[in-house]
Amino acid sequence: CTHGEGTEKEHAHAYGMINHGWHTLISANNIVAEWAGMSVGLEEGGLYTEVETNKILATHAIYGRSVRLLAEACILRGNVITSTSRNARLIEIENGLCVVSGNILGQFRPEGDFISGCGIYCIKEGIEPNIITENIIRFIPDCGILYLPENAIIEKNHIQPQYSTTAKIAGKENRKGIEQLDAGRIHSITV
């Protein structure tokens, strides 16, 4: 896209890769979406897909979704997943029975330039549980992992909070976190 500052929500959306094919293997790629109102690095909508050893980022955007897992029964393993979005969700899980393991996640912006950010976001109701394990999550302003307890089995993740107020792992009891990360709050920044 052509919106270099990533400050206006209304500008075009950019996608690095969209996959809705079943049984796909996505490996050893640099997948980038940038310069947009909303950037999505990888939109994964194909059942039984394995995404492994990629660098995936959503950058220069007012809000970025580095990876969106829309299909169930996917594996997201061993990737570097980053964003320079002001409102980032590095991994957004919309379905169940997925395995998210061994990834390194980080939201990179100058201190104080964040508006919101979450490492792994999994609060859709009525989905089967996912396994979220052994991920490293760094530089996240709001929450490392925000999830509904029935949505995920969470083990052995290492989370380095950005601020003293950053929640490492939070559930639906964290109303403030859920409200802060609500996409409806995101507005364009006037420059």
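**Exercise 1.** Classify tyrosine 48 in this predicted model as buried, partly exposed or exposed, and characterise the aromatic pair that tyrosine 48 forms with tryptophan 22.

*Solution.*
1. The relative accessible area of tyrosine 48 is 46%. Buried requires under 20% and exposed over 50%, so tyrosine 48 is partly exposed.
2. Tryptophan 22, at 53% relative accessibility, counts as exposed.
3. The ring centres of tryptophan 22 and tyrosine 48 lie 6.1 Å apart, with 80 degrees between the planes. Over 60 degrees counts as edge-to-face, and the pair is therefore assigned to that class.
4. Tryptophan 22 is located in the loop between β1 (13–19) and β2 (25–27), and tyrosine 48 in the loop between β3 and β4 (50–52); the pair therefore ties together parts 26 residues apart in sequence.

**Exercise 2.** Determine how the rings of phenylalanine 108 and phenylalanine 139 are arranged, and which parts the pair ties together.

*Solution.*
1. The centre-to-centre distance is 5.3 Å and the planes form an angle of 55 degrees, a tilted pair.
2. Phenylalanine 108 belongs to the loop between β10 (104–107) and β11, whereas phenylalanine 139 belongs to strand β13, so parts 31 residues apart in sequence are tied together.
3. Phenylalanine 108 is partly exposed at 39% relative accessibility, and phenylalanine 139 is partly exposed at 28%.

**Exercise 3.** Identify the element that gives the most residues to the largest nonpolar core.

*Solution.*
1. This core has 28 residues; Ile91 and Ile93 are among those that touch the most other members.
2. Elements giving two or more residues include β3 (30–44), β5 (55–69) and β8 (87–93).
3. The greatest contribution, 4 residues, comes from β8.

Definitions and conventions:
Residues are numbered from 1 along each chain as its sequence is written. This is a predicted model: local features need pLDDT of at least 70, side-chain atom pairs count only at pLDDT 80 or more; totals for chains, interfaces and linings use all residues. Side-chain values use heavy atoms; hydrogens and water are left out. A nonpolar core is a set of buried Ala, Val, Leu, Ile, Met, Phe, Trp, Tyr and Cys residues joined through side-chain atoms within 4.5 Å. Buried means under 20% relative accessible area, exposed over 50%, partly exposed in between (1.4 Å probe, protein chains only). Rings of Phe, Tyr and Trp (its six-membered ring) pair if their centres lie within 6.5 Å; planes under 30 degrees apart count as stacked, over 60 as edge-to-face and the rest as tilted.
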